[in-house]
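Trainee: I would like to learn how to read a structure. Please take me through some features, one at a time.

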Amino acid sequence: QVHLVESGGGFVQAGGSLRLSCAASGSIFSINAMGWYRQAPGKQRELVATITSGGSTNYADSVKGRVTISRDNAENTVNLQMNSLKPEDTGVYYCNALIKGTFSSWPLPIWGQGTQVTVSS
């Protein structure tokens, strides 16, 4: 079994910063892409940023220039540094990773439980 556990959410004023972390654990053979998604109240879950195992990144237009995604392949972790936060960044942030388990035939998408980010104006 493979798990993703997020940490680092919280309450911050507009213009502030937060750093989210996500750690994968369990019987892991390999991890492909990792990423962060968010879901605001009443809205669909949306992509924030992704990063491949080789380090290539992709960002939503709404966060470009304010957010940096990084990963540590040796530690099976992915981080999201968020600066200049805006009230519209409020939501539950979910970690996602495409993971091939030790006993799996192919990679599967795994989701974390989510961490709340609240940005006040």
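Trainee: Which side chains meet arginine 38 and aspartate 89 in a salt bridge, and how should I read that term?

Mentor: Start with the general idea. Side chains of opposite charge can pair when their charged atoms come close. A salt bridge here is a side-chain nitrogen of Lys or Arg within 4 Å of a carboxyl oxygen of Asp or Glu. In this structure, the side chains of arginine 38 and aspartate 89 meet each other in such a bridge, at 2.9 Å from N to O. Arginine 38 is in strand β4 (residues 28-39), and aspartate 89 is in the loop between β8 and β9 (91-101). The two are 51 residues apart, so the pair links distant parts of the chain. Strands are DSSP runs of E with at least two residues, numbered from the N terminus.

Mentor: One caution on the source. This is a predicted model, where local features need pLDDT of at least 70, side-chain atom pairs count only at pLDDT 80 or more, and totals for chains, interfaces and linings use all residues. Residues are numbered from 1 along each chain as its sequence is written, and side-chain values use heavy atoms, with hydrogens and water left out.

Trainee: Is aspartate 89 buried or exposed?

Mentor: Buried means under 20% relative accessible area, exposed means over 50%, and partly exposed is in between (1.4 Å probe, protein chains only). Aspartate 89 has 2% relative accessibility, so it counts as buried. Arginine 38 is buried too, at 5%.

Trainee: What else forms a salt bridge with arginine 38?

Mentor: Glutamate 46 does, and the closest N and O atoms are 2.7 Å apart. Glutamate 46 is partly exposed, at 37% relative accessible area. Shared partners join Arg38, Glu46, Arg66 and Asp89 into one network.

Trainee: How many salt bridges does the structure hold?

Mentor: It holds four. One of them is between aspartate 61 and lysine 64, at 3.1 Å from N to O. Aspartate 61 is exposed, with a relative accessible area of 64%.

Trainee: How do I read aromatic pairs, and how many are there?

Mentor: A pair of aromatic rings is described by the distance of the centres and the angle of the planes. Rings of Phe, Tyr and Trp (its six-membered ring) pair if their centres lie within 6.5 Å; planes under 30 degrees apart count as stacked, over 60 as edge-to-face and the rest as tilted. The structure holds two aromatic pairs. Tyrosine 37 and tryptophan 111 are edge-to-face, 5.1 Å centre to centre, with 65° between the planes. Tyrosine 37 lies in strand β4 and tryptophan 111 in strand β10 (residues 108-111), so this pair ties together parts 74 residues apart in sequence.

Trainee: Which tyrosine forms the other pair with tryptophan 111?

Mentor: Tyrosine 94 does, also edge-to-face. The centres are 6.5 Å apart, and the planes make 85°. Tyrosine 94 is buried, at 14%, whereas tryptophan 111 is partly exposed, at 37%. Tyr37, Tyr94 and Trp111 form one aromatic cluster.

Trainee: What sits over the ring of tryptophan 111?

Mentor: A charge sits over a ring if NZ of Lys or CZ of Arg is within 6 Å of the ring centre and within 35 degrees of the ring normal. The charged end of arginine 45 sits over tryptophan 111, 4.6 Å from the ring centre. Arginine 45 also lies over the face of tyrosine 94, at 3.7 Å from that ring centre.

Technical notes
Helices (H or I, at least four residues) and strands (E, at least two) are DSSP runs, numbered from the N terminus.
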